[in-house]
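Here are my notes on the model you sent over, point by point. Have it open while you read.

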Amino acid sequence: MAELFDAIVLAGGSARRLGGVDKLALVIDDRPILERVLDAVVGASRIVVVGPRRTTQREIHWCREAPPGGGPVAALAAGLTEVTADRVVLLAGDLPFVTPAAVATLLDAVEADGALAVDEDGRDQLLVGAWRTEALRRVLPAEPAGVALGGVLRSLDGVRVRLPVAAGVPAPWFDCDNDSDLATARGTT
């Protein structure tokens, strides 16, 4: 039997580069982006989404960072209060091409504190990772609002993982931050 894991999906950004629309509700291949991300963590015991409550097709534990808009470390801190498993997958909510296979690869690679995806140039993809829950809790600052996520995650002993990328499909860490990204995502499905 596979080891249990929970998932935290960060879904509270303001989408300024997309005119402030709810980018997680934008549709790619007949599915909202958030639903596509939730599909990737379908094996999670508990899925925690940090951000404004939305309608979804699965049971979600919702919470908000303090203060709302406090950034990804504040969101991570809020999400961790809902996590019960020893391992947790951490994903951005705007990753329409992350897959269950990518999540499984990260979980299988967890050593020491965790595993973090890196892109083809070796850059850390901070919001595509799998971590030991206690390791994340250990490095959270007492006041997480406004703290840079990179500093927090890079303080951990995380294995860097190059996830496979299927031909003709954007990488699992491809995010939809602007109109160009959205057009690319819609043109590849």
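1. Start with Glu35, a charged residue that is buried, at 5% relative accessible area. This is a predicted model, so treat that value as computed from predicted coordinates. Glu35 belongs to helix H1. Setting aside neighbours within four places in sequence, Glu35 has contacts with Thr55, Thr56, Gln57 and Arg58.

2. How many of the residues of H1 are buried? Seven of the eight are, so the helix is largely enclosed by the rest of the structure. The buried set is Ile33, Leu34, Glu35, Arg36, Val37, Leu38 and Ala40. Glu35 is thus listed there together with another charged residue, Arg36.

3. Look at Asp181 next, which lies in H6. Is Asp181 buried or exposed? Its relative accessible area is 16%, and with the cut-off for buried set at under 20%, Asp181 counts as buried. A polar atom of the Asp181 side chain lies 2.9 Å from the backbone nitrogen of Asp177. Not counting residues up to four places away in sequence, Asp181 also touches Phe174, Asp175 and Cys176.

4. Which residue caps it? Asn178 does, with a side-chain oxygen 3.1 Å from the backbone nitrogen of Ser180.

5. Now the loop between S2 and strand S3 (31-32), where both Asp29 and Asp30 are found. Asp29 has a positive phi of about 55° although it is not a glycine. Phi of Asp30 is positive too, near 65°, again in a residue other than glycine. As for accessibility, Asp29 is partly exposed at 47%, whereas Asp30 is exposed at 71%. I'd mention both in the write-up.

6. One more backbone feature: the peptide bond joining Ala66 and Pro67 is cis, with omega about -5°. Pro67 is in the loop between strand S5 (61-63) and helix H2.

7. Glu82 is in the loop between helix H2 (72-80) and strand S6 (87-92). At 25% relative accessibility, Glu82 counts as partly exposed. Leaving out residues up to four places away in sequence, Glu82 touches Arg46, Val48, His61 and Cys63. If you want a distance for orientation, Glu82 and Arg123 are 29 Å apart, C-alpha to C-alpha, and 41 residues apart in sequence.

8. Last, the second largest pocket. Its space comes to about 160 Å³. What kind of residues make up the lining? Ten are nonpolar, two polar and one charged. Of the 13 lining residues, Phe97, Thr99, Pro164, Ala166 and Pro172 lie nearest the pocket's centre. Helix H3 (residues 100-109) gives the largest share of the lining, with three residues.

Note on methods. Residues numbered from 1 in each chain as written. Predicted model: local features only at pLDDT ≥ 70, side-chain atom pairs only at ≥ 80, totals over all residues. Heavy atoms only, no water. 1 Å grid on protein atoms, 1.4 Å probe; cavity = no way out; pocket = protein on both sides within 12 Å on 5 of 7 lines; lining within 4 Å. Points joined across faces, edges and corners; volume = space filled by probe spheres on them. Helix = DSSP H or I, 4+ residues; strand = E, 2+ residues; numbered from the N terminus. Polar contact = N/O pair within 3.5 Å; in protein donor to acceptor, adjacent residues only side chain to side chain. Buried < 20%, exposed > 50% of the residue type's maximum accessible area, 1.4 Å probe, protein only. Contact = heavy atoms within 4.5 Å.
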